[in-house]
Amino acid sequence: MDPILAEIYSTVMTAAPFVIGAYALMWLVLLVYLLMTALGLKRTEKQIAALEESLAQKR
């Protein structure tokens with residue numbers, strides 16, 4: 001193998017765990033954010049339904 005390529009690969013391969021860890025952390029944060037957003041949306045929809053029912057009863 002070309003010595004320059006070997007040096008580049010050795011540099012990249014030592015950083016690979018950090019890159020993989022960063023991507024895993026990014027996906028985990030994104031998943032938690034989406035889960036929290038979905039739960040908040042569900043709670044908001046329940047509140048809107050309760051308000052609509054309350055308004056329908058007052059009419």
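This is a predicted model: local features need pLDDT of at least 70, side-chain atom pairs count only at pLDDT 80 or more; totals for chains, interfaces and linings use all residues.
Local features were taken at pLDDT of at least 70 and side-chain atom pairs at pLDDT 80 or more, while totals for chains, interfaces and linings use all residues. Residues are numbered from 1 along each chain as its sequence is written, and side-chain values use heavy atoms, with hydrogens and water left out.

The protein contains 1 helix and 0 strands; helices (H or I, at least four residues) and strands (E, at least two) are DSSP runs, numbered from the N terminus. Helix H1 covers residues 3–58, a run of 56 residues. From its first C-alpha to its last, H1 reaches 81 Å, close to the 82 Å expected at 1.5 Å a residue (1.5 Å times one less than the number of residues). A bend of about 40 degrees occurs in H1 at Ala16, and Pro17 follows within four residues; the bend is the angle between axes fitted to the seven residues ending at a position and the seven starting there.

The C-alpha trace spans about 80 × 15 × 10 Å along its principal axes. The radius of gyration is 25 Å, whereas a compact globule of 59 residues would have one near 10 Å (taken over C-alpha atoms; globule rule, 2.2 Å times the number of residues to the power 0.38).

Buried residues account for 2% of the 59 residues, where buried means under 20% relative accessible area, exposed over 50%, and partly exposed in between (1.4 Å probe, protein chains only). Gly40, in helix H1, is buried at a relative accessible area of 17%. Pro3, also placed in H1, is exposed at 61%. The C-alpha atoms of Gly40 and Pro3 are separated by 55 Å, with the two residues 37 apart along the chain.

The protein has 5 positive and 5 negative side chains, and the centres of the two sets lie 25 Å apart. Lys and Arg count as positive and Asp and Glu as negative; His and the chain ends are not counted. Charges are placed at NZ of Lys, CZ of Arg, CG of Asp or CD of Glu.
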